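Colleague: I have a model open and would like to talk it through with you. Could you take me around it?

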Amino acid sequence: MSNAPVKKVPIHLQSSQNRLLIKNGQVVNYDGMEDADVYIEDGIIKQVGRNLIIPGGTRIIDATRKLVMPGGIDPHTHFELEMMGAKAADDFYKGTRAAVAGGTTTVLDFVLPEKGQSLVEAYNNWREKADNKVCCDYGLHVGVTWWSPSVKKEMQQLVAEHGINSFKMFMAYKDTWMLNDYDLCQAFETCAELKALPQVHAENGHIIARNTEKLLAAGVTTPEGHELSRDEEVEAEAVNRACVIANQMNSPLYIVHMMSKSAVDALRLARSKQKQPIFGETLAATVGTDGSHYKNACFRHAAAHVLSPPLRSDPYTPEAIIEALAVDDLQLIGSDNCTFNEKDKERGKDDFSKIPNGVNGVEDRMAVLWQKAVNSGLMDPCRFVAVTSTNAARIFNLWPAKGRVAVGSDADVVVWDPQLERTISAATHHHALNFNIFEGTHVVGSPQYVIVNGRVCLDDGELRVAEGLGKFLPTPANSPYVYGGKAPSTPQSTTLHYAPDSSPARVTNGTPTE
Ligand code: URP
Ligand code: ZN
Ligand code: ZN
Ligand code: ZN
C-alpha cells in the first residue's frame, strides 16, 4: 500500500478554483501535436492556442517541456468484483484513486450478473457500489452470463434506459459465466439489433476444463498449470470463432484482453476480410511483464500473476503486442484491473484452477506503455493517446467529450512529464494490495498533473482526489465509430521516426514534419 500522501478532500471543501491555464506545453491528440496553451473553466476546455486572453485570478500550471494529453480511458476494470469465492481488493474509491494517480480519468467497469440474476438488478447493484465512491467519471459494460428471452429484454432496457452500449460474453469460465455458441449467436444478434457492441472473453472453456482435469490428475497443481491448461491456440481458436460468429450474425465485435501473438494473428486475418468492424484490446500486463513468473517457486509470486487469458511464456510477446498496437492491428490497451490479495490467491495453493484470476494495472497502464512503447521508439505520442484514450472514447461513444484536448471537451487532462523517472513498486502504488506485477520496472515518463473534470487531482505529484467526485457516464448506443460504416483506422504510429530521447518530435496526422 502507498506511503505517498493522499488527501481525501470532501467535495464541499474542494477549492472553488474553477479556472485553470496550462501554459507552454505541447498538446498531443491522436491526430497531431501542437504548441498550445489550454484554458479550462468550470470543467470544460474553453480555449486552446497561444496568446489566449484569460480572466485574472486564473491558476496557471507551467507545462514547459511537458506534453498535455487527454486523460486516459481504461476500458476494462473490475473493482469490488466477486469471483472464484473472493472479492477484488480495489473498490471503486481505491481503484479510481489509483487510476487518477497514473493519468487515467475515466474507467469502464463490468457489471457481471450471477447466472439467473436479472441484468438490471446487477446493474443497479453496481451503480450503488460505485456512484458515491468514484474519484473520476466511469461507465459500465454489462456481462451476459446466461441466456433467456428475459435477458434479451433486459439488454433492450439497459440500452434504452440505463446508458449501456456494450455487453461482455464469456467463451471461458465453464459452469459459471460461459455461453455456448448458440447463445453467443443470439447475444451478438441482439447487440446488432440494439446497435450495441458485443465484447468477448475469447478462450475455449471446454478445452481449458479438460486440460485442467488432466494436469491435476498428473499432479501439476502449481500456478504453472494455469498457462499449460490454456495455451495460445486455446485463445486463438476462440478469437477466430468469435469473429466467425460475429460475421455470420452481422454484428461488430470487440475482443477484450488479447494476450498472445496467435490471438492477434487470428484477429488480423478476420479484420482484413469482415464486413463489420472488429476491435482488439490488449492489457498493460502483457506489455509490461510475461509468463516466466508462473515458474517462480514462490507460490505468492506466481499466483499474483495469474489472470485469464494468461501471460505468455514466448519472450517476444510484449514487443509483438506493442507493434500490433502501433500499426492498428490492436486498437486499445486496458488494465483488466482485478486485484486479489495474497490470502485470496491462496485458495489455489493446492490447485491452480482455484486461484482467483486477476492482476493490477489501472495505475501503471499508461507509464508502462510509455516506457515500453514510446521510449523504445516503437510508438509515437499520438498513437499512445489513441490507444490509451481516444479509441476507447470513440468506440464507446464518449467522443469528443472524452479522449480529446479540444474546445468543448471535458477538462480531463494529463500534464505528462516525459523526463520524470520512477520505479514502480507496491511500496508506493495506490492499490489496496501489497503486490505489484510491475515491481521494479523503471519508467521514464509519468503524469505530473492530472486534471479531472477541471479539478487538479494530481498536483505536481501530490494526489488530491475526492471520493464521489466522478459521475456515471451513460454510453449511448449506435456509436458512429462502430455503426457508421466500417470503422476508419486511426493513424498508425510513426514507428522509427519518433525520437524519444530528444524533445518530442513535431508530428501532424501521424507524420513527422521536422
Ligand atoms: O483474469 C481475469 N481476466 N480476471 C477478470 C475477469 C475477466 O475475465 O476479465
Ligand atoms: Zn475476461
Ligand atoms: Zn516472490
Ligand atoms: Zn476482465
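Colleague: How far apart are the end C-alpha atoms of residues 67-456?
Modeller: In this predicted model, the end C-alpha atoms of that span lie 16 Å apart, and residues 67-456 are 38% helix and 19% strand.

Colleague: And which annotation covers residues 67-456?
Modeller: An unreviewed UniProt entry annotates residues 67-456 as "domain: Amidohydrolase-related".

Colleague: Which residues are around ligand 1?
Modeller: Around ligand 1 there are His78, His201 and His257, together with Leu307, Ser308, Asp336, Cys338, Asn357 and Gly358; by class, this shell has six polar residues, two nonpolar ones and one charged.

Colleague: Switching to helices, at what angle do H13 and H14 pack?
Modeller: Helix H13 (residues 365-374) packs against helix H14 (residues 381-395) at about 145 degrees, the axes being 11 Å apart, and the crossing is right-handed.

Colleague: Which residues make that contact?
Modeller: H13 contributes Met366, Leu369, Trp370, Ala373 and Val374, while H14 contributes Pro381, Phe384 and Thr388; seven of the residues in this contact are nonpolar, one is polar and none is charged.

Colleague: Now the four-stranded open sheet, what is its order?
Modeller: The strands run E5-E4-E1-E6 with mixed pairing. Strands E5 (44-49) and E6 (59-62) each have a single partner strand, so they stand at the edges with one side lacking a neighbour in the sheet. On average, neighbouring strands are turned by 20 degrees against each other, direction ignored.

Colleague: In what sense do E1 and E4 pair?
Modeller: Strand E1 (residues 19-23) pairs with strand E4 (residues 37-41) in the antiparallel sense, over four bridges, and Ile22 stands opposite Val38 of E4.

How values were computed:
Residues are numbered from 1 along each chain as its sequence is written. Chains are lettered from A and ligands numbered from 1 in the order in which they are written. This is a predicted model: local features need pLDDT of at least 70, side-chain atom pairs count only at pLDDT 80 or more; totals for chains, interfaces and linings use all residues. A residue is near a molecule or strand if its C-beta atom, placed from the backbone, lies within 6 Å of it. Ala, Val, Leu, Ile, Met, Phe, Trp, Tyr, Cys and Pro count as nonpolar, Asp, Glu, Lys and Arg as charged, and the others, Gly among them, as polar. Axes are lines fitted to C-alpha atoms, for helices over the stretch in contact, and angles run from 0 to 180 degrees between N-to-C directions. Helices (H or I, at least four residues) and strands (E, at least two) are DSSP runs, numbered from the N terminus. A crossing is left-handed if the near helix is turned anticlockwise from the far one by less than a right angle, and right-handed if clockwise. Two residues are in contact if their C-beta atoms, placed from the backbone, lie within 7 Å. UniProt positions are given in the numbering used here, feature names are shortened, and annotations may be inferred rather than shown by experiment. Two strands pair if DSSP finds at least two bridges between them.
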